[in-house]
Amino acid sequence: MDEDQYRTVYREVNANRCVFEKALNNRRCDCSRHERFLLATREAVGCKSEASLANCTVFLDTLREKSRFALRETLIDGPLPHNKELKVQAGGTLALQQHLFPEQTAAKTTQDIYELVNIALSKYVNIADFPYGELVKGVVHYESRPKRGK
């Protein structure tokens with residue numbers, strides 16, 4: 001299957017593509033609303049709930065925009081290159097989890113993105129009011145792989 005065919009079939013099969021797919025596939029985050037499936041030997045992630053997908057999309061888009069300067073990007077009009085996107089997704093959700101639950105500062109994974117966004121919404125009422133200053137610090141300090149020693 002060539003790449004164009006794959007993308008076409010992927011869009012048909014996965015109408016509610018999870019916006020945190022990279023972090024979920026990297027096993028740095030989990031979500032109670034996700035569903036995994038295989039397509040052409042690749043793992044893909046969909047969302048079971050359109051309402052939670054809408055909240056996650058707004059959260060991730062806002063986090064990308066707020067992280068723009070820290071990532072040295074002048075314009076973000078969609079997904080970033082893979083490693084930067086992973087930094088935003090996993091680093092941002094880990095930082096939000098650590099902000100909401102200070103006792104979990106040593107955690108290396110986010111347990112449930114859906115619950116995390118809902119808890120933050122109950123505290124801040126609006127996604128635009130989340131503490132993005134702290135979340136961007138999490139994005140900057142996130143390492144997708146530990147650096148190898150010389």
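**Notes on the core and helix α4**

1. Start with the largest nonpolar core: it has 37 residues, and those with the most contacts inside it are Phe20, Phe59, Leu96, Phe130 and Leu135. A nonpolar core here is a set of buried Ala, Val, Leu, Ile, Met, Phe, Trp, Tyr and Cys residues joined through side-chain atoms within 4.5 Å. At least two residues of this core come from each of α2 (21–25), β2 (42–47), α3 (50–67), α4, α5 (113–124) and α6 (132–141). Helices (H or I, at least four residues) and strands (E, at least two) are DSSP runs, numbered from the N terminus.

2. Keep in mind that this is a predicted model: local features need pLDDT of at least 70, side-chain atom pairs count only at pLDDT 80 or more, and totals for chains, interfaces and linings use all residues. Residues are numbered from 1 along each chain as its sequence is written, and side-chain values use heavy atoms, with hydrogens and water left out.

3. Now look at Leu96. Leaving aside neighbours within four places in sequence, Leu96 is in contact (heavy atoms within 4.5 Å) with Phe59, Leu116, Ala120, Phe130 and Leu135.

4. What about Gln97, buried or exposed? Gln97 lies in helix α4 (residues 82–100) and counts as buried because its relative accessibility is 4%. Buried means under 20% relative accessible area, exposed over 50%, partly exposed in between (1.4 Å probe, protein chains only). Not counting residues up to four places away in sequence, Gln97 touches Gln104, Ala107, Thr109, Thr110, Gln111 and Leu116.
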